[in-house]
Amino acid sequence: AEFHWIICKAANNSFLERVATSVQVLGRASRGITSHLPGVLEQSLRDHKRIVTALAARDSEQAATAMKSHLWNVRDAYNRNRSDAENYVAADSEAS
């Protein structure tokens, strides 16, 4: 979550900050589920490195491509492991 907020602040874009703040709850919920899926944390770390590299190079096209790839990777991992993710959500709901 801190990684995402740092990017928003570094962009110095008040609109982006407002959008990020409004979707922060959804992102936290998504990470709570997907971080338990096999390989997601490792892939996300690789994705985050690509995003940072593109941002540091001020390559907006590469940054956008890296971000889209990251979102697709998380989505694909969720879809491949949907039953595990749904079981995690159900167990977490029961624990609450």
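Let's begin with the lining of the largest pocket: by class, this lining has 22 nonpolar, 10 polar and four charged residues. (Nonpolar means Ala, Val, Leu, Ile, Met, Phe, Trp, Tyr, Cys and Pro, charged means Asp, Glu, Lys and Arg, and polar is everything else, Gly included.) A pocket here is an open set of points on a 1 Å grid over the protein atoms alone, where a 1.4 Å probe fits, with protein on both sides within 12 Å along at least five of seven lines; lining residues have an atom within 4 Å of a point.

Which residues lie nearest the centre of the largest pocket? Out of the 36 lining residues, they are His4, Arg31, Met67, His70 and Leu71. Four helices, H1, H2 (14-34), H3 and H4 (60-80), each supply at least two residues of that lining. H2 gives the largest share, with 12 residues. (Helices are DSSP runs of H or I, at least four residues long, numbered from the N terminus.)

Now for the helix pairs.

| Helix pair | Angle | Axes |
|---|---|---|
| H1 and H3 | roughly 15° | within 12 Å |
| H3 and H4 | about 170° | 8 Å apart |
| H1 and H2 | about 170° | 11 Å apart |

Axes are lines fitted to C-alpha atoms over the stretch in contact, and angles run from 0 to 180 degrees between N-to-C directions.

H1 covers residues 2-11 and H3 covers residues 40-56, with their axes crossing at roughly 15°. H1 and H3 are therefore roughly parallel (under 35 degrees) to each other. Phe3, His4 and Ile7 of H1 make the contact (heavy atoms within 4.5 Å) with His48, Ile51, Val52 and Leu55 of H3. Five nonpolar and two polar residues take part in the contact of H1 with H3, but no charged ones.

What about H3 and H4? They pack at about 170°, and that makes H3 roughly antiparallel (over 145 degrees) to H4. Among the contact residues are His48, Ile51 and Leu55 of H3, plus Met67 and His70 of H4. The contact of H3 with H4 has nine nonpolar, seven polar and two charged residues.

H1 and H2 also pack at about 170°, so H1 is roughly antiparallel to H2. Here His4, Trp5, Cys8, Lys9 and Ala11 in H1 meet Leu16, Glu17, Ala20, Thr21 and Arg31 in H2. Their contact divides into five nonpolar, two polar and three charged residues.

A quick note on reading all this: residues are numbered from 1 along each chain as its sequence is written, and side-chain values use heavy atoms, leaving out hydrogens and water. In this predicted model, local features need pLDDT of at least 70 and side-chain atom pairs count only at pLDDT 80 or more, while totals for chains, interfaces and linings use all residues.

Key: Parallel < 35°, antiparallel > 145°, perpendicular 65-115°, else oblique.
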